[in-house]
Amino acid sequence: MTWPMLFGVLSLMTFQLADSAFVGQLGRDPLAALGFTVPMQQLVSGMYVGLGIATTAIISRTLGQNDELRARRLGGLVITVGASLALLLCASVWLLQRPILTLLGAEQALLPVINQYWAPWLVSAWTGAMLYFGYSVCRSHGDTKLPGYLMIATSLLNIALDPLYIFVFGWGLPGAAWATITAFGIGALIIYPALLKREWISFELRQLDLTKALKQLNGIMAPAMVSQLMPPASAMLATALVAGFGSAAVAAWGLGTRLEFFSIVVVLALTMSMPPMIGRMLGSGDIGQIRKLVRLAVRFVVGWQLVIGLIWVLASGLVAQLFTSDAEVQAVLGNYLVRVPLSYSGLGVCMLMVSVCNALGLSLRALLVSTLRLFVCFLPLLWLGAQLDELTGLMSGALVGNLMAGTMAYTFYRAGMDKLQRSGKA
């Protein structure tokens, strides 16, 4: 179940890096505009990933009870609720863009560039949310191949359309968003007919006890969504801190963040494939097997992410030159790559523990881990590092904060497992 998700998520991260590389050729201001968009992208994706977690948990449990009709209707409910929430969130971001950008510390000269980009970008964000809801329904039925193949196909299409829309058509920065809209739109036109053909979704919602279903959905979705929204809230505050060092710092930080997404692709795939497995083991009361699975995953993540971090350190100068032609941005990005990636093992363990806790039904514990990681381990050390050694210190603070967060998250998971075993719920 992990391999299709791995290649799918890897392809998504690749197209995001390709976007950054193409936009980087347009100059510093478009790249900085893209950097200010990253925390808002995390905000929107946090909403639909939180709903996706609830979708996988509820529909897979319903299928385990052999109630396929209810599972189909729950799929339709998820898509309806998700489409409405995503539309509301994107509209709110558009209407509040001026105060948001002021909060993030955007320079006045960048506002016209960002304003031109945000309208098509928000449409692409909504289209991406709709595609993700389709993926979530597939995963809840145990199918990771269709989502994985579609992630690869839409990402390749996006990369192919980027130079066409950005340079050939002369659309500039908005062209990157229009390429995403085209690719994701085609993906949605493939996955939703497939879901209807397989009878995995139904919009006969009147036959569904909506109050009970929404309460069940919200019981998992609300903590999971808040947990997923913690990183974008943190990213907004981190971007505001970085903005104090100028547009070159913001551009480099935005690039570094995208490289981070690419670097943790294996962890993201595991967070998608492990919850259904853990759910089945939990249902059969096999706590010992869950412990073995999680222990194996943690050891793998720590080793893998250390290797990835060392690769970025060794290739820092080359990577910086590849992604931007601006000398100042290159210097800051190189500085980022020799520090922050060394902490990706801690970040990966923390992300994995949040996913595992949600799968175990410990959604409030998962929320607590996310909150402590960002507002106790990460942001305070970012601020402290900036006070001690400016931008270099800020990046060193990110390194220490992520390592602390990984240790804290694993400790909380083990305490939660002990409590779950003692309570006899499993």
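Helices here are DSSP runs of H or I with at least four residues, numbered from the N terminus. The model is a predicted one, so local features need pLDDT of at least 70 and side-chain atom pairs count only at pLDDT 80 or more, while totals for chains, interfaces and linings use all residues. Residues are numbered from 1 along each chain as its sequence is written, and side-chain values use heavy atoms, with hydrogens and water left out.

Start with the holes inside the protein. A cavity is a set of points, on a 1 Å grid over the protein atoms alone, where a 1.4 Å probe fits but cannot get out; lining residues have an atom within 4 Å of a point. Grid points are joined across faces, edges and corners, and the volume is the space filled by probe spheres set on the points. Searching the whole structure turns up two cavities of 30 Å³ or more. The largest cavity comes out at about 40 Å³. Its lining consists of A54, T55, I58, I59, L74, L77, V78, A213, Q216 and L217. Helix 2, helix 3 (68-95) and helix 8 (210-243) each put in at least two lining residues, and helix 2 gives the most, with four.

Next come the charged pairs. Side chains of opposite charge can pair when their charged atoms come close. A salt bridge is called when a side-chain nitrogen of Lys or Arg lies within 4 Å of a carboxyl oxygen of Asp or Glu. The search of the whole structure finds four of these salt bridges. In one of them, the side chains of R28 and E328 meet at 3.1 Å, N to O. This pair ties together distant parts of the chain, with R28 in helix 2 and E328 in helix 13, 300 residues apart. For burial, the cut-offs are under 20% relative accessible area for buried, over 50% for exposed, and partly exposed in between (1.4 Å probe, protein chains only). R28 is partly exposed because its relative accessible area is 28%, and E328, at 43%, is partly exposed too.

R73 and E204 make another salt bridge, at 3.7 Å from N to O. Here again distant parts of the chain are linked: R73 sits in helix 3 and E204 in the loop between helix 7 (173-197) and helix 8, 131 residues apart. R73 counts as buried because its relative accessibility is 12%, whereas E204 is partly exposed at 45%. In the R291 and D418 salt bridge, the closest N and O atoms are 2.7 Å apart. R291 is buried at 19% relative accessibility, while D418 is partly exposed at 32%.

Helix 13 (residues 327-337) also has a buried side, made up of V329, V332, L333, G334, N335, Y336 and L337. These buried residues pack against helix 2, helix 9 (247-263), helix 11 (287-314), helix 12 (316-323), helix 14 (344-359) and helix 15 (363-423). A view from helix 12 is given by S316, which is found in that helix. S316 counts as buried because its relative accessibility is 11%. Contact is taken as heavy atoms within 4.5 Å. Setting aside neighbours within four places in sequence, S316 is in contact with G334, L337 and V338.

Not counting residues up to four places away in sequence, T239 touches F36, P39, L104 and W253. The C-alpha atoms of T239 and A249 are separated by 9.3 Å, with the two residues 10 apart along the chain.

Finally, the surface. A nonpolar patch joins nonpolar side chains (Val, Leu, Ile, Met, Phe, Trp, Tyr) within 5 Å, using residues with over 30% relative accessible area and no salt bridge. Accessible areas come from the Shrake-Rupley method with a 1.4 Å probe, and for residues only the protein chains shown count as cover. L26, F167, V168, F169, W171 and W178 make such a patch, of about 590 Å². L26 is placed in the loop between helix 1 (2-24) and helix 2 (28-64), and counts as partly exposed because its relative accessibility is 32%.

Note on methods: Patches are made of residues with over 30% relative accessible area and no salt bridge: like charges are joined within 9 Å, nonpolar side chains (Val, Leu, Ile, Met, Phe, Trp, Tyr) within 5 Å. On a 1 Å grid over the protein atoms alone, a cavity is a set of points where a 1.4 Å probe fits but cannot get out, and a pocket is an open set with protein on both sides within 12 Å along at least five of seven lines; lining residues have an atom within 4 Å of a point.
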